[in-house]
Amino acid sequence: AEMILPGGHIRRPDRVMIMDRRALVVDYKFGEKDDPGYHRQVAQYCELLQQMGYVQVEGFLWYALSGKVLQVFRQ
C-alpha cells in the first residue's frame, strides 16, 4: 500500500490491515539490529493513518529472521 503525502512524497509500509476504523501496520525487517529509526518509521505510518481517520491504530516491527515481533505504536 502506498501513502501519498502533500508535496507528492510517498511512504510504503510493508503491510497495512484495515477493518472498519481500525488499522494495523506491520513493517518487516531482515536484520538483527533493533534500530530506533525503524520505530520512528512505523510511528510515522501510524500517525498518517490516524490523520486519515482511523480511530484505533497499532504498529509492529517483525524481525523475520529471528521471529521477534515488537509493538512500537498503539493509539
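I started at Val57. Skipping neighbours within four places in sequence, I found Val57 in contact with Ala23, Cys46, Leu49, Gln50, Phe73, Arg74 and Gln75. I note that the model is predicted.

**Core.** I looked next at the largest nonpolar core, which has 14 residues. The members that touch the most others are Val25, Cys46, Leu49, Val57 and Phe73. Helix 1 gives the most, with 6 residues.

**Helix 1.** I checked the length of this helix. Helix 1 has 16 residues and spans 23 Å from first to last C-alpha, close to the expected 22 Å at 1.5 Å a residue. I listed the buried residues of helix 1 as Val42, Ala43, Tyr45, Cys46, Leu48 and Leu49. What do the buried residues of helix 1 pack against? I found strand 1 (3–4), strand 2 (10–11), strand 3 (15–19), strand 4, strand 5 and strand 6 (68–74).

At the N-terminal end, Asp35 is the cap of helix 1, with a side-chain oxygen 2.6 Å from the backbone nitrogen of Gly37. After the helix comes Gly53, with a positive phi near 105°.

**Val55.** I moved on to the loop between helix 1 and strand 5, where Val55 is found. Is Val55 buried, exposed or partly exposed? Its relative accessibility is 47%, so I logged Val55 as partly exposed; the exposed class begins over 50%. Beyond neighbours within four places in sequence, Val55 is in contact with Arg21 and Gln75. I also took a distance to Arg15. Val55 and Arg15 are 40 residues apart in sequence, and their C-alpha atoms are 18 Å apart in space.

**Glu58.** I finished in strand 5, with Glu58. Which side chain makes a polar contact with the side chain of Glu58? I found that of Arg22, at 2.7 Å. Leaving out residues up to four places away in sequence, Glu58 touches Arg22, Ala23, Leu24, Val25, Cys46, Gln71, Phe73 and Arg74. I see Ala23, Cys46, Phe73 and Arg74 in the contact list of Val57 as well.

How values were computed
Residues numbered from 1 in each chain as written. Predicted model: local features only at pLDDT ≥ 70, side-chain atom pairs only at ≥ 80, totals over all residues. Heavy atoms only, no water. Core = buried A, V, L, I, M, F, W, Y, C linked by side-chain atoms within 4.5 Å. Buried < 20%, exposed > 50% of the residue type's maximum accessible area, 1.4 Å probe, protein only. Helix = DSSP H or I, 4+ residues; strand = E, 2+ residues; numbered from the N terminus. Contact = heavy atoms within 4.5 Å. Expected span 1.5 Å × (residues − 1). Polar contact = N/O pair within 3.5 Å; in protein donor to acceptor, adjacent residues only side chain to side chain.
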